[in-house]
Amino acid sequence: MIFTPLLNLGIKVLNLFAGTKSFSVLNYHRVMPNADLSSEQALTPELFEQQLVWLKRHFKVLPLPEAFALAQAKQLPRNAVVITIDDGFYDCFAYVYPLLKKHQLTATFFISTAGLEQGYLWENQISYAICHAPQDLMRLQLQQNTFLIGTTVQRRASIAAITELTKYQTLQQRQLMINDILAQCHCPAHLHQFLTREQVNIMHQNGMTIGAHTVHHPILALETLATAQQEISDSKLLLEQITHSPIEFFAYPNGKYQQDFTDDHVAIVRDLGFKAAFSTEWGVAQPEIDCVYKLKRFTPWDRSPGKFCLRLAINALAERYHFKFFKSRVRQHVS
Ligand SMILES: [Zn+2]
């Protein structure tokens, strides 16, 4: 798609009004050529690369530690943007990292460390089991619910519904439910969908920032504070062992303040010595104004360059000038 000169000019004008006290933090998850049944929201490598090109053209892409330090020193450039990728799936190394290197950009990878040990996270088990269930298996029974899996469309819908149903369970209850699904699907044990320790180390050695994202990706608010503390500190510790460097940034799993994490978890993160932490609330990171342990992010979903850049620019402006109308327009399509 061709970027029209008018649109180009519009973004430049909007950027002139952007402040120097905040930066946008983009929040990606999956980048895959052939999105499987579980990855409706995944970007293709082609679209991700296009977005990198647009970002380089219209914004100032910075490593997170640099953007955070510049914000604290009140020396942020206008239109500063930071790229983050959550969870740590294999595509981080297969597609995201090579494209970042190609365009001489860096990003922060927030990693749930159980994936490094097991080769997968809980949601991979659900999608893998259902994708690979016997063709003649028509339905799954989970608690009082029946999920149809007779066709590809039904399997896709059931993966989404079961993932949503199991997400808001404690770690213990979630695993019981997953075991039940695995048994019904006769799922083979082998599954590898995650980064390896070596890959994390290579990315770190080559300028990528590694951040913590708990061990098992729980909804922290559903766990005891002792479990939450252990989830956060254990992931930090393992990543520090792998990278031989301090892990300074954290992202809350699922990331909605008061729903997925509370001020108790903010205190844990602060006491563990992190410099800053990120939610999934939409907005820009304003370390000078907001609590540095609840910084906001922006989820890119637009398929066209114009909308993508305009939305990003408007998002920054809406936050700066408190334009409620713009805020709702910018975020209206994201559930
Ligand atoms: Zn996550």
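In which helix is the place of Ala-157? Select Ala-157, and the viewer will show a residue of helix H7, which covers residues 152-167. Helices (H or I, at least four residues) and strands (E, at least two) are DSSP runs, numbered from the N terminus.

Before continuing, please note that this is a predicted model, in which local features need pLDDT of at least 70 and side-chain atom pairs count only at pLDDT 80 or more, while totals for chains, interfaces and linings use all residues. Residues are numbered from 1 along each chain as its sequence is written, and side-chain values use heavy atoms, with hydrogens and water left out.

**The whole protein**

Display the entire chain. The protein contains 13 helices and ten strands. Of its 335 residues, 53% count as buried. Buried means under 20% relative accessible area, exposed means over 50%, and partly exposed lies in between (1.4 Å probe, protein chains only). Among contacts between residues at least 6 apart in sequence, 70% join residues at least 24 apart; contact means heavy atoms within 4.5 Å.

Return to Ala-157, which is partly exposed because its relative accessible area is 48%.

Next, select helix H8, residues 171-185. The axes of H7 and H8 come within 9 Å and cross at roughly 150°. Axes are lines fitted to C-alpha atoms, for helices over the stretch in contact, and angles run from 0 to 180 degrees between N-to-C directions. The angle therefore makes H7 roughly antiparallel to H8. In this classification, angles under 35 degrees count as roughly parallel, over 145 as roughly antiparallel, 65 to 115 as roughly perpendicular and the rest as oblique. To see the contact, show Ile-162, Leu-165, Thr-166 and Lys-167 of H7 together with Arg-174, Met-177 and Ile-181 of H8. These residues divide into four nonpolar, one polar and two charged. Here Ala, Val, Leu, Ile, Met, Phe, Trp, Tyr, Cys and Pro count as nonpolar, Asp, Glu, Lys and Arg as charged, and the others, Gly among them, as polar.

Select Thr-196, in the loop between H8 and H9. Thr-196 is partly exposed, with a relative accessible area of 24%.

Proceed to helix H9 (residues 197-205) and helix H10 (residues 225-243), which pack at an angle of about 70° with their axes 9 Å apart. H9 is therefore roughly perpendicular to H10. On the H9 side, the contact is made by Arg-197, Val-200, Asn-201 and His-204, and on the H10 side by Leu-238, Leu-239, Ile-242 and Thr-243. By class, this contact has four nonpolar, three polar and one charged residues.

**The zinc ion**

Which residues are the protein donors of the zinc ion? Select Asp-87 (OD), His-213 (NE2) and His-217 (NE2), which lie 2.1 to 2.2 Å from the ion. Donors are N, O and S atoms within 2.8 Å of the metal (3.2 Å for Na, K and Ca); water is not among the atoms, so sites may look incomplete. Along the chain, the donors follow the spacing D-x125-H-x3-H. Both His-213 and His-217 are buried.

**Two residues with positive phi**

Select Thr-214, in the loop between strand S7 (209-212) and H10. Thr-214 has a positive phi of about 70°, although it is not a glycine. Is Thr-214 buried or exposed? Thr-214 counts as buried because its relative accessibility is 0%.

Then select Gln-143, in the loop between strand S5 (139-142) and strand S6 (145-148). Gln-143 has a positive phi of about 55° and is not a glycine. Gln-143 is partly exposed, with a relative accessible area of 42%.

**Last stop: H2 and H4**

Finally, select helix H2 (residues 45-58) and helix H4 (residues 91-102), whose axes come within 10 Å and cross at roughly 35°. Pro-45, Phe-48, Glu-49 and Leu-52 in H2 meet Tyr-95, Val-96, Leu-99, Leu-100 and Lys-102 in H4. The residues of this contact comprise seven nonpolar, no polar and two charged.
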